[in-house]
Amino acid sequence: MSIFEPSEGTLVVVPSLSLPQDELRRITAARCYEERLLFLLLSLREPGVKVVYLSSMPIDQEIVDYYFGFLPDPEDAAKRLTLISLDDPRTQPLTRSLLARPEMIEQVRAAIDGEDAWMVPFVLSELEEELASSLGVPLYGPATALAHYGSKSGSREVGQEAGVPMARGFGDLRTQAEIQDAIDALPGERVIVKLNDGYSGLGNAIVSKSGASRFSFSADGETWDTFSAKIFERGAVVEEFIEHRPLYYPSALARITPGGHHDVVATHDQVLGGANNDVYQGCTFPAAPEYRAEVGASAARIAAILAQRGVVGLFGMDFFALKADAGYAALLCEINLRIGGTTHPFGAAVLTTGATYDPDTGLLMADGRPKYYTATDNCSSSCLRGRSPGEVTRMAERLGLGFDHAARKGNVFHLLGAIPEHGKLGFTSIGDSREEADELHRLTRLALCGAPSSR
């Protein structure tokens, strides 16, 4: 059971951003992140697969046509795709809106029409569990009863049990006194405080033990008063701030089947930005060879424990990597029990190239050749604002920056719905070498951010 290579059945895709909304509002074009899972339309290349895709607002037909352009029979694929939009511009999770509209749930139920279906949520919360129960379909994701293992405090517990190295720190903290005691107990001039349910680095604060500017927040507009209120409500961890430089930020993507089989399917190096250099911007595949094997081995031990706990679905693990006396050391940063930022680039690469992951080398292999990619969620420019998704993808094709189906390399675009209003999109550049993927990515960024309008 895999969302990357299903052979039959109906995927009910619910890309609801059922996350803390205060951090979500700080992400440009956050609602368009519901489109991150549109790479699943590529699974329609299998004639036994159907897709029911939900969204808060209608998805531009040009975007759908773009993904159909990767398929051998777009007309047949279109017959097996059902798009259901709530046409709801409110800034609340898609699933919450859907549950308040019984007629829309009936529309989803009719689209499933008794087929062997399973629901693929972007995030699994009680809202998604309620929806799945109403539809009578199983969920591809961890039960909310297991959500603690995906919190910052739960990550430390699982990491310790798995014997995976971590930064020194303390979990399950909620009061000012507990936070201060943890800060005082850790070495160094700076520590990092992380909200249990923060994501994309937006729930982090770096605290200096002395000096005039004690606090540095990843999220704009945050203060210690507002942050402290979130700690009390949601819990937090305090960890030593790793001053070692250079510092690298690899991650691993793993999956657990309903039968309990677990495996690591990819490692990445994350590209971070923001005031504290801890906000996710994109990734490269695979992780650097210096620490790739250690990251994969640690991720496998964590996946084994989570499989024993009953976790199902895809999830990510973030690490720090640094040069040690004997090679490189990889320290667990956190576990994210959900589909994350590296999932859609990996899915796009697998479904467009037909590559399979080789756990021995950590490479994606297609026809005996490795595939590499560089991906971003944050390519933005004022010159893109006002354009249509189709105009931008056609421009990329004219410039030779599309996808070469014969060579199985090129660009796969996403977040296209954010172009007209925000001038923002993402793309995954796939090549036969690290250098080729990076160069394609560089050229594409230059073209998208500097080309004059063709209108």
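Predicted model: local features only at pLDDT ≥ 70, side-chain atom pairs only at ≥ 80, totals over all residues.
**Cis prolines**

Arg245 and Pro246 are joined by a cis peptide bond, with omega about 0 degrees. I then turned to Pro286, which lies in the loop between strand E13 (279-285) and helix H10 (292-309), and here a cis peptide bond with omega about -5 degrees joins Phe285 and Pro286. I noted both bonds because most peptide bonds are trans.

**Positive phi values**

I checked Asp87 next, in the loop between strand E3 (81-85) and helix H4 (94-99), and its phi is near 50 degrees, a positive value in a residue other than glycine. Asp87 has 52% relative accessibility and so counts as exposed. Asp172 also came up, with phi near 55 degrees, again positive in a residue other than glycine, but its place is in strand E5 (residues 169-173). At 45% relative accessibility I have Asp172 down as partly exposed, since the exposed class begins over 50%.

**Arg36**

Is Arg36 buried or exposed? I find Arg36 in the loop between helix H1 (21-24) and strand E2 (49-55), and with a relative accessible area of 9% Arg36 is buried, because buried means under 20%. Its side chain makes a polar contact of 2.3 Å with the side chain of Asp377. Leaving out residues up to four places away in sequence, I listed the residues that Arg36 touches, among them Tyr53, Phe122, Tyr280, His344 and Leu415, as well as Asp377 itself.

**Ser429**

Which side chains make polar contacts with that of Ser429? I located Ser429 in strand E21 (residues 424-431), where at 0% relative accessibility Ser429 counts as buried. The side chain of Asn411 is one partner, at 2.6 Å, and the side chain of His441 is another, at 3.1 Å. Beyond four places in sequence, Ser429 also touches residues including Tyr372, Tyr373, Thr374, Ala437 and Leu440.

**Nonpolar cores**

I went on to the largest nonpolar core, which has 68 residues, and noted that Ile3, Phe346, Leu425 and Leu448 have the most contacts inside it. A second, separate core has 28 residues, and I see Ala287, Tyr291, Ile305 and Leu337 included there. Taking Phe346 by itself, I found that it touches Phe4, Leu253, Val265, Ala266, His268, Leu364 and Tyr373, with residues up to four places away in sequence not counted.

**Helices H5 and H6**

How do the axes of H5 and H6 cross, and at what angle? I read that the axes of helix H5 (residues 102-112) and helix H6 (residues 126-135) come within 10 Å and cross at roughly 55 degrees, which means that H5 is oblique to H6. The crossing in which H5 passes H6 is right-handed. On the H5 side I listed Ile105, Val108, Arg109 and Ile112 as making the contact, and on the H6 side Leu131, Ser134 and Leu135.

**Leu272**

My last entry is on Leu272, whose place is in strand E12 (residues 262-273). Leu272 and Ala236 are 36 residues apart in sequence, and I have 21 Å between their C-alpha atoms. With neighbours within four places in sequence set aside, Leu272 is in contact with Tyr249, Asn277, Asp278, Val279, Tyr280 and Gln281. Tyr280 is also listed among the residues that Arg36 touches.

Terms used. Residues numbered from 1 in each chain as written. Heavy atoms only, no water. Helix = DSSP H or I, 4+ residues; strand = E, 2+ residues; numbered from the N terminus. Buried < 20%, exposed > 50% of the residue type's maximum accessible area, 1.4 Å probe, protein only. Polar contact = N/O pair within 3.5 Å; in protein donor to acceptor, adjacent residues only side chain to side chain. Contact = heavy atoms within 4.5 Å. Core = buried A, V, L, I, M, F, W, Y, C linked by side-chain atoms within 4.5 Å. Axes fitted to C-alpha atoms, helices over the stretch in contact; angles between N-to-C directions. Parallel < 35°, antiparallel > 145°, perpendicular 65-115°, else oblique. Left-handed = near helix turned anticlockwise from the far one by under 90°.
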